[in-house]
Structure formats: structure tokens, C-alpha cells
Amino acid sequence: MKLGERYFLSTFILVILLLILLSISTELFFRKYIREDIRKNQKSLAVIYSHVCEEALVSNDFLFLINYTKRVKETNRMVSYVIFMDTKSFILVHTNPELLRTQAPVDLESRTKKISGITFFNNLSKDGSIETTDVISPVRQGSNRVGTAVIGYSQSYYETLVKQELSKFHLYFLLIGLLGLFAGYILSKILARMMILRINRLGDAVVAMSQGNFDANIELKGNDELSWLGGEFNNMAKKLKEVDEIKQSFVSNVTHELRSPIAAIESYASEMLDGGIPQFIKTGLNDITIIRNNAMRLLRLVNDLLDTSKMESGQFELNMRHVNITSPIDTVVKLYEAVKIERKINLILDVPHNIPEVLIDEDRIIQVLSNILNNAIKFTPENGEIILSAKYIYEKPKPYLKVCVKDTGNGIPLPKEQQQIIFDKFTQFKGIKQYGKGPKGMGLGLHISKYLIELHKGKIWVESPPAGTNIGTEVIFTLPF
Amino acid sequence: MAKKILVVDDEIDLLKLVKRCLERCNYKISTAESGEEALNKIYAESPDLVILDINMPNMSGLEVCKRIRTDPLYKKMRIVMLTVKAADTDKVKGLNIGADEYLAKPFIPKELVLRVKNILGE
């Protein structure tokens, strides 16, 4: 069953149960009320009649009393008989003329003697059911008892009357009940729909999102769990959109970065083939160098991408050897010799030769140093300085090697706690001035470097004072011996 | 009078190559490596033709093209777009914004030269 139908059904059943409960209690209440009402009327009639009897005794006008008594029986169908007797239980007035001027039966006599106020008494028939009900009221003159009035009501008539009143009520209540049912039905349907509407909207947005549209923004009005869910959903959509955007920009970035060197290689190769011998003699060497440089650039990029994929599938293997740290450092320095001269950067080395050998994968450490140095050169202005130092640190329990690359660039424009995000995948700095001409790169270099250093059981981090102070950035990594 | 051509690309190697090829045909070449530098040189030198790379950081070639076209002074200037993307959408985008020609990278220098000659009407 669908959620909406369930909601509707449960609400509707609740309404029905409520209506049933209501009708039962109202019925019981009404029944009681009707009976009490009748009793009240009987009581007030008894009071009036006893007053009339008293009056008759005082004024000695029995004719009036007799007529009144007749009228009482005639006007009230429920009345079976009316009796007025004196203190000796001698019947002075009776609606049944045969019982006039007779002595009241013994049980009635004993009853009337006992009462002090208006009393109801049920006369039972042979099988134990009520036949008539007597309303016995003392007749007084001042404080003296002068007689007793008895009005007898037929039980069957009483029951009929009650039934009559009840049936009126039943009809009325049936109407109300049907109305209530109808209203309940409509209300339940509306409620269920309201519930479902918001859930459906959430569902639609989820479908839109799963099809790639992360702009789906839901507005679930209200102040409850569903609107909260809608809000959280929007946050999630925003996050996914961010992730998607990063992915998109990465893809386009990589495409551009890979295709550029390929374009250069192909264009230069075409030029060399079409240019003719004289041109070849003039510019051939230069062109081949450019082709080779771009091939190497492409190789580096492809290697970075492969490394990243290896990292993610956990297939990285290191080739560890004991090496003096001066070896990889010298290699990297040589690699960047030309660039360093071109960009007029002063590269200062502070690498003592007496540092013990360290267990590393030399090629990978060259890769790390190359990445770090590349960045340093990229972000250092002309005539700037880069200091590459290596130190043996004596800390207990294990000594370690500390390598620092410090530049005089503009620093990282982020608060200290956030500076480490440069080691995240794809992070590149928009807005940092990149000196020198060169490709943007794919944002993977430092990410891979971090992975490699940590694979060596070392640590890598960056320290940079707030931007603008021109003290520069320092990338530091440690390696255990 | 030798025609002036401005070549814009953030890849220096390609820039040098195009310059060399076109100078062989006796055009006067100036270069720019960014969108902003390109606009400055356009306003300063009023070249007859601009060869624009689309994919450049900061200001893209499309943006430069848009800006040039909205300036009535440069209505007569010819624009050739270069890009590494061969997608049709970019071609249409480029031509929509007002480029006169469109060439995909990698390109054969000879072809570029032919196109340039064609546009400049020689």
C-alpha cells in the first residue's frame, strides 16, 4: 500500500473510532438525561399536586381536587392512577372510582408512613419486572402531616416515552455522524495528500539529482522534520555540485594540459617536415629541442595521472635503497638549472655532506623534490631566492632527516589551519600570482608528494606566514633513517 | 604595406612557431600570452588579424573576442580562433561570438598560413 493511502486510512479509521466513541458516550449520556428529565417532571408534578391537595383540605373544596385529579390523569398518558389519602390511609381521591373511600392496601400504607419527602417506589410484577412507579409525596399543613398523595406511572409508557425521545436523538445523531464521516473522509484525504506532497517533491528532486542536475533546490515549507530533511537535502545537493564542479574542471584542465604538449609536438614536427632544408638548418635544433621538451612534459603529466590512479588502487611499490640525500638533491638541482637561470632565481643549497645515508626510493624522492621545487620556482618572483636545506635532527626516540624548501614568494593566502589543503587532490591556487611562463599543471603534484612521503613513513607540511609579507612559503618534509 | 597580425596563446612554444611561420610570409607579427595582454596590444597596435587561443587562464579567447566585437572601432578586424577542443559546440560558440575562422589544435602550420592568407585576401 502506498504511503498516502496508509496515511489516509489511519486518519480515517481514527476519525471513525472517534465518532463511534462519541456516539456511544452521547447515547449513554442522553439516555440518562432523558430518564432524569422525566423523573424531574414527575417530581415537580408531585409537588404541585401535593400543594393542590393541601389547598383543598384547607378550603374544604374537594370538588376542585377531584376535577384536578381527573385532569392530571387525562393530560398525562404516562399516569396510571392518582391517589390522595389521609393520615389513616383512607383513600379520599382516586382516579379509579371503585377504589374511592376504601382503605389503602397495607404495603402502600406502610410505605407512605415511612416517607418524609417525595419518594419514588417501583412496583414489581410477578416476574420481577417493574410494572408501575409510584411517586409518593407527603401533604403537609405547616409542619403537620395531613395526608399523602401518590401518582402512579406506567412503566411501559415510561419506556415508550424514553424510546421516543431517544429515536429523535438517534435520527439527529445519524445525520451528524454521516456529516462527520464525510468531513473526516475529506480531511483525511487532504491531510494524507499534504504529507505525501512534500515527500513527493523531495522524491522528484532526488530523481533530478540522480540524473545529474545538482541545482535542484527544494523548498519544503514548515517547521518540522520534513522541512529539515529538505534543508539537509539542499546542503547535500550543494556539496555534490561542488564535487561535480571540481571533477569537471579537473577533466577540462587535464584535457588541456595533455593536449597542449601534443599540439606543440605535432605542429613542430609538421613544420620541420614541410619547412624545407634551409629552414631545417636554421631552426631544426631548436625545434627538436622543443619537441623533446614537450614530450617530457607530456610524460610527466601522464606519469602523475598514473601515479594518482595507482595511489587510489593501493598498487604503489617503492624501490628502497640506502642513499645519501645529496644524490637526489643534486639531480633535481641539475634538472632545474636552466629554469633557475631563466627566471633569475637564486637557488641556495644548505646540504651538509656528513648526513648518514637514508633509506629511500631515490626516484620517488627526486619526484617529490621536483614537485616542491617546481612550485617554489613558479611562485617566486624574479631575483627571488629559494633555499633548499637538509638537516639531521637528533630527536628521541628516533632521529630523522628534515628537508626544507623555502622561497621568497607571496606566501599562501589562507589562515594557518587551512594551509595544508594545498596537499589535497586537484587543489590549485586561483589568484596567486604565478610568475614565469609555464603550464598551469593539474594540481596533483603536491598530492602525490604527500602520498610518497607518507609511504616513506615521513611527514610533509607547509608553513607560510600570512600573505603580503613576502617572507615566502616553506615546504618541509621529514624522512626516518 | 605589410599586414599586422597579433597572435595570442599561453603556450610559448606554439606562439613562437606561429610567429615564425607567418613572418616567413612577410607579415608583421606581435604576440601576447594572455587575454589582457592581447586587449592592450589590440588597442595599441590595431592589427589587421588576431589569432586567438580559446583556452587561456583568467580571460579566455572567447571573452577577448566578445570584447573586441562590441567595440565598433574593430569591426573590420579579422579573428581566427584556435583551440584544442574539436567539439562542434565550441566551433558554433566561437563563430556566434564573431570569429571569422576556426582552427583546431594541433594544426599544420601550412594550413594556418593558408587560412590567414585567405582571410586577409591575398
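In chain A, five strands make an open sheet ordered E2-E1-E5-E4-E3, with antiparallel pairing; two strands pair if DSSP finds at least two bridges between them. Its edge strands, E2 (91-94) and E3 (119-124) of chain A, each pair on one side only. From one strand to the next, the twist averages 25 degrees. Helix H2 (residues 62-75) of chain A packs on this sheet and touches strands E1 (79-86) and E2 of chain A. The direction of H2 makes about 155 degrees with that of E1(A). Here, two residues are in contact if their C-beta atoms, placed from the backbone, lie within 7 Å. Axes are lines fitted to C-alpha atoms, for helices over the stretch in contact, and angles run from 0 to 180 degrees between N-to-C directions.

A word on how to read this predicted model: local features need pLDDT of at least 70, side-chain atom pairs count only at pLDDT 80 or more, and totals for chains, interfaces and linings use all residues. Residues are numbered from 1 along each chain as its sequence is written, while chains are lettered from A and ligands numbered from 1 in the order in which they are written. Helices (H or I, at least four residues) and strands (E, at least two) are DSSP runs, numbered from the N terminus.

Let's stay with strand E1 of chain A for a moment, where A:Asp86 lies. Leaving aside neighbours within four places in sequence, A:Asp86 is in contact with A:Leu92 and A:Gly147. A:Pro138 is 52 residues away along the chain, and its C-alpha atom is separated from that of A:Asp86 by 9.9 Å.

There is a second open sheet to look at in chain A: five strands in the order E7-E9-E10-E12-E11, with mixed pairing. Strands E7 (346-350) and E11 (459-463) of chain A are the edges, each pairing on one side only. The twist here averages 15 degrees from one strand to the next. Helix H9 (residues 362-378) of chain A packs on the sheet, touching strands E9 (385-393), E10 (400-407) and E12 of chain A. The direction of H9 makes about 25 degrees with that of E10(A).

| Strand pair | Bridges | Direction |
|---|---|---|
| E3(A) and E4(A) (residues 130-141) | six | antiparallel |
| E11(A) and E12(A) (residues 474-480) | five | antiparallel |

Within these pairs, A:Phe120 has A:Val135 of E4(A) as its bridge partner, and A:Lys459 has A:Thr478 of E12(A).

Now for a helix pair. The axes of H6 (residues 277-312) and H10 (residues 445-455) of chain A come within 10 Å and cross at roughly 45 degrees. That makes H6(A) oblique to H10(A). At this crossing, A:Asp304, A:Asp307, A:Thr308 and A:Met311 in H6(A) meet A:Gly445, A:Ile448 and A:Tyr451 in H10(A).

Stepping back, chain A has ten helices and twelve strands, and 25% of its 481 residues count as buried. The predictor gives the complex an ipTM of 0.85 and a pTM of 0.58.

Terms used: Buried ≥ 20, exposed ≤ 12 C-beta atoms within 10 Å, placed from the backbone. Parallel < 35°, antiparallel > 145°, perpendicular 65-115°, else oblique.
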